[in-house]
Amino acid sequence: MNYRVIVEVTLREGIADPEGATIERALPALGFTGVTNVHAGKSFRLDVEATDESAALERATALAERLLSNPVIENATARLGKAGE
Amino acid sequence: MSSAPEPLHRALGLTDAELGDIRNVLGREPNHLELALYGVMWSEHCSYKSSRMHLRRLPTEAPHVLVGPGENAGVIDAGDGIAVAIRIESHNHPSAIEPYQGAATGVGGILRDVFTMGARPLCVMDPLFFGELTDARQRWLVEGVVSGISGYGNSVGVPTIGGELTFDDCYASNPLVNVLCAGALPTERLVLGVASGVGNLAVLLGSSTGRDGIGGVSVLASAGFAGDDGAASLDDAKRPSVQVGDPYEEKRLIEACLALLDGGYVVGIQDLGGAGIVCATSETAARGGVGMDVDVTAIPLREPRMVPYEIMTSESQERMLAIITPENWPAVAALCAKWEVRASVVGHVVEPVVRQDGTSVGMLRVRDGFDGEVLAEVPAKSLADEAPLYDRPRRRPADLDAIRADDPTDDEPVGSPNDDLLALLVDPAWVYRQYDSQLFLNTVVGPGRDAALLRLAGPGLPHSERGIAISTDSNPRWCALDPRAGTALTVAESAANLACVGATAKAVVNCLNFGNPEHPEVMWQLSESIDGMAEACNGLGLPVIGGNVSLYNESGGSDIDPTPVVGLLGVVDSLVAPPPGWNWREGDAVVLVGTRRAVGDQAHPLGGTRWATGRGRRGGRVPRFDAVTLAGAIDFVAAEIARVCAGGTSDVTAVHDVSGGGLAAALAEMVAVTGVGVDVVELTGHGELFSEFPGRFVMATSDVEAFSVRAGAAGVPVASLGVVGGGRLRIGTMVDLAVGDITVRRRGALEVALALD
Amino acid sequence: MTRIGVVVFPGSNCEYDAASGVTQLGAQAEFVWHSSTDLSGFDGIILPGGFAHGDYLRPGALARFSPVMEAVGRFAADGRPVLGICNGFQVLTEAGLLPGALQKNRGLTFLCQPTTLIVESTNSVLTSAATVGQELVIPINHFSGAYTCDDATLHQLEANGQVVLRYKDNPNGSRDDIAGVANVAGNVVGLMPHPERAMSTLLGSADGRVLLEGFVGAYVAVR
């Protein structure tokens with residue numbers, strides 16, 4: 001059957017994140033103070049055909065590491081999506 | 001099973017003999033931090049220790065050279081009060097690991113080298129070398145590298161106006177990503193990376209410092225660096241060896257630095273590239289003959305728990321080091337604030353230390369707080385200039401004669417020249433469409449032609465009608481067979497490209513991409529190649545004003561073919577009209593200008609041609625470099641086209657240099673671009689169709705008699721090829737193709753190979 | 001002399017080119033830093049191309065909050081000429097001064113190439129000197145240039161003659177081949193192609209002149 005999976009790709013710790021840093025610098029000017037540690041990433045929503053939930057996650061993780069991210073600089077995490085997500 | 005831990009200096013890439021040298025310099029045992037500083041500064045990448053003694057054989061002087069090799073960029077006087085700075089570098093290994101960021105940070109680094117000289121970067125060019133595209137990984141690399149150049153270059157706002165694209169299996173595991181940048185400045189504003197004035201401040205501008213690019217040093221963690229610095233407590237995963245570029249930071253840094261220079265606030269300025277802060281501080285201090293105190297605690301950090309060796313050697317991008325007087329600090333800080341560029345005082349220029357023998361030596365001191373403990377203290381010059389030089393063993397490859405003897409020139413032609421020709425046609429437009437090639441309104445001839453041509457204009461420059469032309473060239477196929485002649489011919493080929501846009505070559509920069517220098521065959525190739533470059537530069541009267549050497553381009557013990565890349569900078573004295581380009585018209589006479597047969601014992605050699613390598617034939621011989629013959633044709637063509645650029649009347653309607661793919665490919669490219677065919681006389685076999693030696697030009701003229709008289713007066717041979725017209729490319733009895741087939745095949749070749757279609 | 005303000009955000013990069021374009025036509029150009037809130041004395045405002053604030057998050061998403069944009073909004077509301085070129089167009093849509101939005105190109109690559117545009121309407125400060133149906137060769141230079149809007153907006157644009165320029169051969173997947181749009185009054189215009197890059201045959205095309213001539217002359221008509 002099909003399982004809804006959400007894959008998040010974020011930069012690994014220690015890798016420069018210019019997009020996150022730029023957004024963080026822009027926030028105080030709009031009145032949003034006290035917001036730190038802004039990090040940008042990508043989110044993917046997939047329907048994966050598999051026998052069970054763990055098989056679906058395993059497949060999604062594999063494809064996330066092969067295609068959706070470059071493991072040299074990015075982490076990819078897969079989780080099951082909630083209904084309607 | 002256990003083994004003795006590797007000594008720290010070896011883990012840092014230093015030999016036992018080099019450790020001895022360091023002990024001699026210091027007169028004592030170096031501490032761990034000092035050893036790490038020497039490790040990066042005496043690396044091949046920073047010190048050129050294997051190549052420097054050979055590079056000295058290159059000619060570097062000419063009256064118009066303002067700055068030669070050894071500075072951040074070479075600079076020439078282009079006339080009208082304008083100086084042009086130019087530099088080429090490699091970013092090969094980073095691009096192999098993370099193609100987007102590797103290529104992007106390569107662009108960022110080269111821009112900083114140029115605006116460090118006070119020049120506004122005006123253009124970038126990118127010679128790229130990958131494996132064959134039948135391999136999916138190569139396609140991933142190509143897309144990543146091209147989008148990295150596009151993403152960074154377009155955003156930072158410097159046009160990418162050309163480059164080269166080469167596919168060969170020798171680059172499959174080790175792609176080459178070279179990048180050239182040229183910029184311009186009012187001649188009187190030239191600044192150098194020199195620290196002077198005791199009491200002056202060293203100001204770090206731009207990004208905060210993270211652990212970027214210290215992967216090379218991360219062996220420290222496993223080499224018992226532990227103890228003192230606590231390095232071993234860090235997780236390896238937190239040591240990214242990949243730098244991430246931020247073009248937005250770089251754009252603000254460019255504007256802020258140029259504004260600082262305009263304001264006269266800067267005594268000296270230096271970019272931070274390989275080896276980061278230690279490199280910038282030791283080089284500026286060494287050039288100024290002064291000392292420098294650096295406070296590691298004053299350097300803004302992006303990550304917690306960084307230790308001094310990481311801070312000093314980090315290659316975090318988008319940083320500059322400016323030397324300023326203390327009075328100017330408020331103005332500098334305000335200007336940087338406007339451009340949202342971080343500025344921090346991280347060092348002081350200090351008096352050199354006077355030794356007992358009366359000599360003075362500038363010391364680089366790394367301190368924990370300006371008045372704090374001295375963590376490292378070494379002569380700045382010993383880091384920057386005094387790495388040991390090596391005359392590594394050289395050996396002519398044992399199999400070279402056998403390879404040369406396996407000559408495709410002697411082969412009987414097999415198959416159809418029509419198919420062979422179509423297979424050679426590749427339009428690189430898929431690549432250069434992704435580059436902003438037009439910014440600053442200077443681009444008269446953009447990517448995809450013989451050479452790029454720009455108006456010599458830009459913000460802050462005096463008015464000029466001049467133009468500058470740049471071409472990057474390489475021919476690893478030639479250089480594998482004969483690195484000396486191959487390199488010499490590459491320089492000639494590049495000068496010929498400049499002639500096609502009316503420019504006279506003024507200076508050369510080079511990027512020498514070779515294999516492992518510990519292989520004697522590679523050192524022989526490098527040495528021969530440098531001799532060939534010297535021969536060509538001397539013969540054509542060209543100074544070499546800068547360069548970069550990239551060694552250890554190998555994988556699995558297999559070296560790449562020798563790949564010296566040259567970038568030639570030329571000047572057009574009056575640029576008010578575009579050069580004719582490839583745009584011939586119906587009824588024009590087509591001629592071959594220059595020697596019809598190669599210099600040497602083969603009239604039309606096929607060794608090292610794209611035609612031969614496409615058939616798996618990598619042997620054969622390379623023609624001789626003959627400066628007189630080449631210069632005659634090149635100078636004649638440059639003068640003919642320069643007259644068009646100056647707005648003069650001319651019967652010349654088109655010009656194209658004969659290079660990769662030979663005469664047949666040159667004709668087919670002109671057909672493809674104009675959509676107009678040509679009927680060409682019989683040539684002497686497939687040799688003359690596909691042979692690739694330089695110094696030949698396909699030109700079209702509306703008055704072949706007048707043209708021939710001028711060529712005759714210049715002593716340059718002209719051979720009639722045919723007449724433009726019709727819907728087919730016909731070359732004697734050998735080639736007969738419809739214009740549409742040529743156009744479609746050429747336009748789609750790259751996208752088909754990249755599996756995008 | 002006509003005074004044109006060229007807004008410079010950190011990350012803008014076509015400001016010199018835009019200034020050059022209007023000064024070639026006899027106007028005076030001055031840079032306006034993005035923190036400025038005073039646009040008095042200007043006869044027209046250009047938001048030039050580039051990557052304001054790095055284009056991080058979305059092109060124009062951070063630039064619309066720069067202090068100058070409030071002043072640009074008032075300037076536009078007064079009926080005075082405002083032109084957004086490329087990134088400037090993206091900023092104007094993010095700021096709500098023009099309808100629609102710009103998405104990534106259909107081919108998901110940056111495109112720098114000549115395009116042929118067709119003038120659809122002359123009821124705007126940009127196209128007032130051109131003629132309807134005129135073809136102009138003007139380069140594009142963008143990653144996110146595919147114009148998009150909902151059906152209702154498209155219907156309104158067509159009904160009001162707000163589509164000012166269309167691509168003859170759509171390069172980027174823009175809806176209905178739209179290359180440039182105006183507001184209802186015609187004093188605020190945005191386009192993805194770069195007219196300032198097409199001012200001279202030396203550089204390939206002079207077809208951009210007729211557009212910038214219209215813009216530089218527009219203040220007379222507005223006053």
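In what follows, Lys and Arg count as positive and Asp and Glu as negative, while His and the chain ends are left out of the count. With that in mind, chain B of this predicted model carries 57 positive and 95 negative side chains, and the centres of these two sets lie 0 Å apart.

**Overall form of chain B**

- Chain B contains 27 helices together with 30 strands.
- Its C-alpha atoms fill a box of roughly 80 × 65 × 50 Å, when the box is taken along the principal axes.
- Because a compact globule of 757 residues would have a radius of gyration near 27 Å, the value of 27 Å found for chain B agrees with that expectation.

**Interior and surface of chain B**

- Of the 757 residues in chain B, 63% are buried, where buried means under 20% relative accessible area.

**Where chain C meets chain A**

- The contact draws on five residues from chain C and six residues from chain A.
- Between them, chain C and chain A bury about 520 Å², with 82% of it on carbon and sulfur atoms.
- On the chain C side, C:Tyr56, C:Leu57 and C:Leu62 lose the most area to chain A, and together they account for 79% of what that side buries.

Definitions and conventions. Residues numbered from 1 in each chain as written. Chains lettered and ligands numbered in written order. Predicted model: local features only at pLDDT ≥ 70, side-chain atom pairs only at ≥ 80, totals over all residues. Heavy atoms only, no water. Helix = DSSP H or I, 4+ residues; strand = E, 2+ residues; numbered from the N terminus. Rg over C-alpha atoms; globule rule 2.2 N^0.38 Å. Buried < 20%, exposed > 50% of the residue type's maximum accessible area, 1.4 Å probe, protein only. Charge placed at Lys NZ, Arg CZ, Asp CG, Glu CD. Contact = heavy atoms within 4.5 Å. Buried area = accessible area lost by both parts, 1.4 Å probe.
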